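Trainee: I am new to this structure and would be grateful for a guided introduction. May we look at it together?

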Amino acid sequence: MNPITKTLTLGGRELTLETGRVARQADGSCWIRFGETVVLVATTAAASAREGVDFLPLTVDYRERSSAAGKIPGGFFKREGRPTEHEILSCRIIDRSIRPLFPKDWRFEIQVMATILSADPLNAPDVLAATAASLSLCLSDVPFAGPLATVRVGRVGGQMVINPTFKQLEETELELVVSCSKEAIVMVEGEAKEIPEEVMVEALLFAFDQCQPIIRVQEEIVAACGKPKRTYQGHGVDKALAEKVRGWVGDEMERSLNITEKLPRYHAGDALRERVLKLAKEAFPDLKTLGMDVEEVLDKMRRDIVRGRIARQGKRLDGRGLKDVRKITIELGVLPRAHGSALFTRGETQAIVTTTLGTSRDEQLIESLEVEYRKRFMLHYNFPPFSVGEVRPIRGPGRREIGHGALAERALKNLIPDAEAFPYTIRIVSDILESNGSSSMATVCGGSLSLMDAGVKLPKAIAGVAMGLIKEGDNFHVLTDILGDEDHLGDMDFKVTGTADGITAIQMDIKITGISREVLKRALAQAREGRLHILGEMAKAIAAPRPELSPYAPRITTVQIRPERIKDIIGPGGRVIKEIVAQTGCSIDVEDDGTVRIGSSDPEASAKALQIIKELTQEAEVGKVYMATVKKITDFGAFCEILPGTDGLLHISEMSDKRVEKVTDLLREGDEVLVKCVGIDRQGKIRLSRKEALSQQQPE
């Protein structure tokens, strides 16, 4: 195949898509370039279907090469290791964008692999990888319902910006990653600084419009060299079995779905499944896919009942109306030694969330392709198996846990006070104790509450709510605060977080090919109603941050010194600062601008460390009397240390009110002598007088 290259202008910069030059043994590949950032995405699909699976076997990998930014990896092995959190989140963006566009019965394993080959300091590669993933799939023989395009949207100075640079992102009040097909929006992920709902809709529609030229270019490339789509025999349920299963079930599923509590409803469903499966094995002993077929029939029956009730009666599984939020209970300070804690329960979803305060030494060092920086606010989300009544091994956090934690972190981070106002490193940990939908939104609410319980000066409370969608033909129904089953059986999971004044984070995943402007507006308006209700419940528990920190939290005392005095605190090889830490038990952080932060939960130790630092960095004051130590004798006077590291000249003429022939007649090195600072010149040289100090000490 001859290489094909297409170029278009996006945001005033060239975007280039190319295929046919590299990775030609993959089923489809795309080389994409924006500025000096280059990404290669290759897609491969297995030749035969995977037996015995009832899900889409899709794997997405996104890996950054250090060489892309002209770097060599750290560590002993000097090669890339396990994926970073950023790489995992980028995998999720691609996966969530493309997954809804595969056939429901596709069972061939697919691997989409994105490799970052070049990264400039302006253009982020993640959205490029998602767009290239679309083209690689469209070029392959996989029946993928693309193309789609992925862009990042910012809002700088009131104007929408497409694919903003890293510098522009520092100034933006909005950052969204949006994936769009030709017809509608497919995936959304982002954060904002309390923007109103109408601005969010404007940003999403702006992204949709900007995606269309990218989609058209992909269509041109596919028309020129795309492979014919693979024909395959999808799995079909045996008709006779399906008829029998419906007869065996009768009205029993309807009755089981009338149970409003999750676990009793699940137990009733499990009992029904076991009974039907036993009958099916007796009636169809030779059917190899019997278990999968029975599950598929039962799932369709369940889906039709639940969706039908919502569409016709406006009635949900737990008996709520479409806009109702589940009952909320809140307990604060439940963990006495934690700096801040909250137990947040909404229906059958429960999170215990803690806030821990630390010093700048606890900041996380982040090394990315573009820059190395320190992170002072972290949120970690854990989803143990007992929260859903399951048994599974505990390993590291999965992609879902990392994604949910990142969403909750984005929801809260823009309201965290800056380091000057609140000089602490902050870590939030959310442990999900029960889950029946919206556990990430429970984390946002619990995180806000635990921050306030810890005394962090949040200007406002933040809450989150997950919205669902049931779409049948041209009719649609938006659900507030969805359950796990409503997520599974519905068409959308749309999470929105914010304050009473605006949105702080947003995430949308869909199971259909896209959603319209009307659905977006309805969902955001209904999410605001739900969020305000939740904020009202949270305000009943705590309306403002605690006035005092926990007694177990470190107190940070800040003092400013001249940068040239930093060496006096550090000492040769760090000897002085290590000695202060050893004496007091405090943590001491010194910044290049002369800011010194002393951290300790012991007020006496903190005061002692502060006193030592003040003594080490005191500045000479004109008119002040000091007990000085003679350090050096000269013919014209003596150099005396009035403060640690600070010397002044005591001239022979200022030693006495009488004539002094020789300095050594009066002083020796090591003597202590009372002196007065009588002047400091522009170069910082200090003049001392023993004569004036003595006269000042004499009674009048």
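Trainee: What percentage of the 700 residues of the protein chain count as buried?

Mentor: This is a predicted model, in which local features need pLDDT of at least 70 and side-chain atom pairs count only at pLDDT 80 or more, while totals for chains, interfaces and linings use all residues. Residues are numbered from 1 along each chain as its sequence is written, and side-chain values use heavy atoms, with hydrogens and water left out. Buried means under 20% relative accessible area, exposed over 50%, and partly exposed in between, with a 1.4 Å probe and protein chains only. By that rule, the buried share of the 700 residues is 52%.

Trainee: What radius of gyration does the protein chain have, beside that of a compact globule of 700 residues?

Mentor: The radius is taken over C-alpha atoms, and the globule rule is 2.2 Å times the number of residues to the power 0.38. The C-alpha trace spans about 125 × 60 × 45 Å along its principal axes. A compact globule of 700 residues would come near 27 Å, whereas the protein chain has 34 Å.

Trainee: What is the strand order of the open sheet of eight strands?

Mentor: Strands (E, at least two residues) and helices (H or I, at least four) are DSSP runs numbered from the N terminus, and two strands pair if DSSP finds at least two bridges between them. The edge strands, each pairing on one side only, are β8 (159-162) and β19 (475-480). With antiparallel pairing, the order is β8-β7-β9-β10-β21-β20-β18-β19.

Trainee: Which residue in β21 is the bridge partner of M187?

Mentor: Strand β10 covers residues 185-195 and strand β21 covers residues 502-510. The two pair in the antiparallel sense over six bridges. In β21, M187 has as its bridge partner D509.

Trainee: At what angle to β18 does helix α8 run?

Mentor: Axes are lines fitted to C-alpha atoms, for helices over the stretch in contact (heavy atoms within 4.5 Å). Angles run from 0 to 180 degrees between N-to-C directions. Helix α8 (residues 290-313) lies across β18 (463-472) and β19, and its angle to β18 is about 95°.

Trainee: Is D481 buried or exposed?

Mentor: D481 is placed in the loop between β19 and α11 (484-489). Its phi is near 55°, a positive value in a residue other than glycine. Because its relative accessibility is 0%, D481 counts as buried.
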